[in-house]
Every structure is written in structure tokens, then in C-alpha cells.
Amino acid sequence: MTTIAERNAVPDLASLQQRAAEQAAARAGGADRLRGHIVCDGLVRIFKTEGVEVVALQGLDLVIDRGELLAIVGASGSGKSTLLNILSGLDTPTAGIARVADFDLLTMSTKSRLRYRRHTVGFVWQQTGRNLLPYLTAVENVELPMQLAGRRSRRVRRERARELLDLVGVGYCADRRPGQLSGGEQQRCAVAVAVANDPEVLFADEPTGELDEATGAEVFGALQMINAELGVTVVVVTHDHAVADHVRRTVAIRDGRTASEVRRTARTAADGSTELVSEEYAVLDRTGRLQLPAAFVDALSLRDRVRLNLEPDHVEVRPGQRDDVRPGERNETTA
Ligand SMILES: Nc1ncnc2c1ncn2[C@@H]1O[C@H](COP(=O)(O)OP(=O)(O)OP(=O)(O)O)[C@@H](O)[C@H]1O
């Protein structure tokens, strides 16, 4: 059993991930049941306003394993909020598959949607006002969801609320109201509130959006702790690419599809220490489509079509035939 002092020591991402995987396996009933806690397959969301259709999600594929701590990043308008609204049960997709913890988000009834939102998922929003009630102290805010669920005795509720506040590093704020807390402390309390009823998945929408970098890092520390100690799957949606430093996998969304992801893997360095190495991958969908990073497209002025060559261990992508060949310029694809 880890002590609070040990938990609050500066966390090492690799060991936190290891702990999260063990806790998640325990929750799932064995490591062999870890895959696919959240599954999106060919997810489509079309909005229709005044006869105009906006395709916000264009066949998005994403699999998140139980116990993962994952960030979703993307420019404004890329479809992050649309995806989060669907996964949190606030909105229904137009087509495709969206499944979280065995709930089918396309077909679930109003009753299961309510159960899903109350017990299966927790939320942290960017605006504190949406997370905490101003007239309750921090510990009362954490107790409230347990009280509404009517599952635990008053004494147990209070004990758990204090434990959760300790876990996210704001035990000292227990008897203060939100107005007496800093922005970072409020968001860490919000994390404790979100997991009060022991959800399987925690969604955080821009949880550090209004915070400076150092305070934002403390909030990420709280999310890491919840993930590692409770085995809760954590999905953070943000504009902020610096988030990649705090998670093991960052998925980038572009034009309503998953475009690329960065994975940080632990490797043993020459001196025996463990180091985290980041590697960027393009995402290949089931039909073999992939999106080239915008920087690659710009660097070679790729447009309209490209030439592909299959090599023994890789695929080459070269600029393709250009229709607008100027006089005197050779068209490199003609034989
Ligand atoms: N209710 C709606 N009605 C019509 N169009 C919508 C609606 N919600 C989102 N859209 C459109 O869908 C696309 C994706 O929007 P979304 O809000 O999911 O992006 P986002 O990545 O979350 O952006 P931001 O980071 O600015 O919140 C945009 O083109 C947006 O205008």
C-alpha cells in the first residue's frame, strides 16, 4: 500500500503508467480484458443548420484501452468537442460505432444514458463554475455526487472525499470554498469531484485552459494520480500540444479524423536509467487511408496526387504528376 507522501512525491510517468495498468487490470478482472475500453469506428457526426450540412466527424477511428491516460489534441474546429460530447453521452452520432465500457452510445435508451452519465463516466470542464458549487466547501463538493447517488453512509462519504482530495494534492483545501482557492486548486478539487462515484472513465475538457504552465502541470499531476491509483481511464481534450509531456499517448484530430499520434515509450538508457522517448506515428485506418502531416505536405508542395513506391520495409511518397506543367518544365511522371 502506498502512503500519501509516496504518492505525492514527483511522479515518474513510466512507473505511474505501470501502476495504472495494474489497477486497470484489477478493475477489468484480468489483463486479457484490457483492450478497447473506448472504441470509435467510422464515427460520423453531421450537423444540419438551415439546410447546410457540416461534417464535424468524418469516419473517426480510435481505440483507447482500459487504464490509459490519453490526450486528444487538434486545432479549433477539428472536431474535439463534437467527439467529447458524443463520448460523454450528451450528443448522438449520425453513424458509425461509439462504445464506452460496453455501452453502445448510438442505440442506448434514455434510461441507460442517465445511468451511463451518473455512474460510468466523470467530467472535468474548463470552467470551474461547471465543476464546483460555490457555496459548498471542497470536501462537501466531493461528497455531493456520492450523496446524490445515495450509496454510502455519511461517515464513509466524508472519509472518501478527504482521501480523494489528498490523492490529488489538495487535502489542505478541504474546508475552503471554491472562491478561496486558486484556479489550479479548484481544478484539482474538480478532479476529485469527478471521480467521487468511482467512474470507469474520466473526461477532461481543456482542464488547464485558463491556467499557467506550472499550475497546469499540477492539474495533470492530479489526473495522473487518479489514473494510476484508481485505474480510471482518463481522456483529456485540449488545444495545448505541451500536454504530450504529461501523457503516454497523444492523438491528434484533423478535419474530423484521427490524423497522427505521439507515443512516449520507456527505454533503458546506456547508464541503466529509464528514459521516455517520443515517437510520432501517422494513423492508418481500416481501409488503409492515412493523412500526411501538414508540414510534410507543405515542405514538398504535395498536391492532388502523389506517387507511392513499395520498398521492402517502407513506402515512399513522392510528388505526383502536376497538371499545370509550365512550358519548358519536364513532367517527371511521364515515361
Ligand atoms: N451544433 C453545431 N451545429 C453546426 N455545426 C457545428 C455544431 N457543433 C460543431 N459544429 C461544427 O463542427 C466542426 C467541429 O467543431 P468542434 O466544436 O467539434 O471543434 P473543436 O475542435 O472542438 O473546436 P474548439 O477547439 O474551437 O472547441 C466545426 O466546423 C463546427 O463549426
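How many bridges join strand S4 (residues 95-100) and S5, and in which sense do the two strands pair? They pair in the antiparallel sense over 2 bridges, and the views below place that pairing within its sheet and then turn to the other parts of the model. This is a predicted model, in which local features need pLDDT of at least 70 and side-chain atom pairs count only at pLDDT 80 or more, while totals for chains, interfaces and linings use all residues. Residues are numbered from 1 along each chain as its sequence is written.

View 1. The strands follow the order S2-S1-S4-S5 with antiparallel pairing, where two strands pair if DSSP finds at least two bridges between them, and where helices (H or I, at least four residues) and strands (E, at least two) are DSSP runs numbered from the N terminus. S2 and strand S5 (103-104) are the edge strands, each pairing on one side only. Within S5, phenylalanine 103 is the bridge partner of valine 100. Helix H3 lies across S1, S2 and S4 and runs at about 65° to S2; axes here are lines fitted to C-alpha atoms, for helices over the stretch in contact, and angles run from 0 to 180 degrees between N-to-C directions. Contact between two residues is taken to exist if their C-beta atoms, placed from the backbone, lie within 7 Å.

**View 2. The shell around the ligand.** Of the 13 residues around the ligand, Phe47, Ala56, Ser76, Ser81 and Thr82 come nearest, a residue being near a molecule or strand if its C-beta atom, placed from the backbone, lies within 6 Å of it. Strand S1 (38-49), strand S2 (52-64) and helix H3 (80-87) are the elements that give two or more residues to this shell, and H3 gives the most, with 3 residues. By class the shell has 3 nonpolar, 9 polar and 1 charged residues, where Ala, Val, Leu, Ile, Met, Phe, Trp, Tyr, Cys and Pro count as nonpolar, Asp, Glu, Lys and Arg as charged, and the others, Gly among them, as polar.

**View 3. The open sheet of 7 strands.** The strand order is S6-S7-S8-S3-S9-S10-S11, with mixed pairing. Strand S6 (121-124) and strand S11 (274-282) are the edge strands, each of which pairs on one side only, and the twist averages 20° from one strand to the next. Helix H8 (residues 183-194) packs on the sheet, touching S6 and strand S7 (201-205), with its direction at about 165° to that of S6. Helix H9 (residues 213-230) also packs on the sheet, where it touches S3, S7 and strand S8 (233-238), and its direction makes about 155° with that of S8.

**View 4. Strand S9 and its two partners.** Strand S3 (residues 69-73) runs parallel to strand S9 (residues 249-254), and 4 bridges join them. Along this pair, leucine 70 has arginine 249 as its bridge partner, and valine 73 stands opposite alanine 252. S9 also pairs with strand S10 (residues 257-268), in the antiparallel sense over 6 bridges, and here glutamate 261 is the bridge partner of valine 251. The hairpin of S9 and S10 has 2 residues between the strands, and in it aspartate 255 takes a positive phi near 50°.

**View 5. Helix H6 against H8.** The axes of helix H6 (residues 138-149) and H8 come within 8 Å and cross at roughly 25°. That angle makes H6 roughly parallel to H8, since angles under 35 degrees count as roughly parallel, over 145 as roughly antiparallel, 65 to 115 as roughly perpendicular and the rest as oblique. The crossing is right-handed; a crossing is left-handed if the near helix is turned anticlockwise from the far one by less than a right angle, and right-handed if clockwise. Ala138, Asn141, Val142 and Pro145 of H6 meet Cys189, Ala192 and Val193 of H8, a contact with 6 nonpolar, 1 polar and no charged residues.

**View 6. Helix H8 beside H9.** These helices pack at an angle of about 15° with their axes 9 Å apart, which makes H8 roughly parallel to H9. H8 passes H9 in a right-handed crossing, and by class their contact has 5 nonpolar, 4 polar and 2 charged residues.
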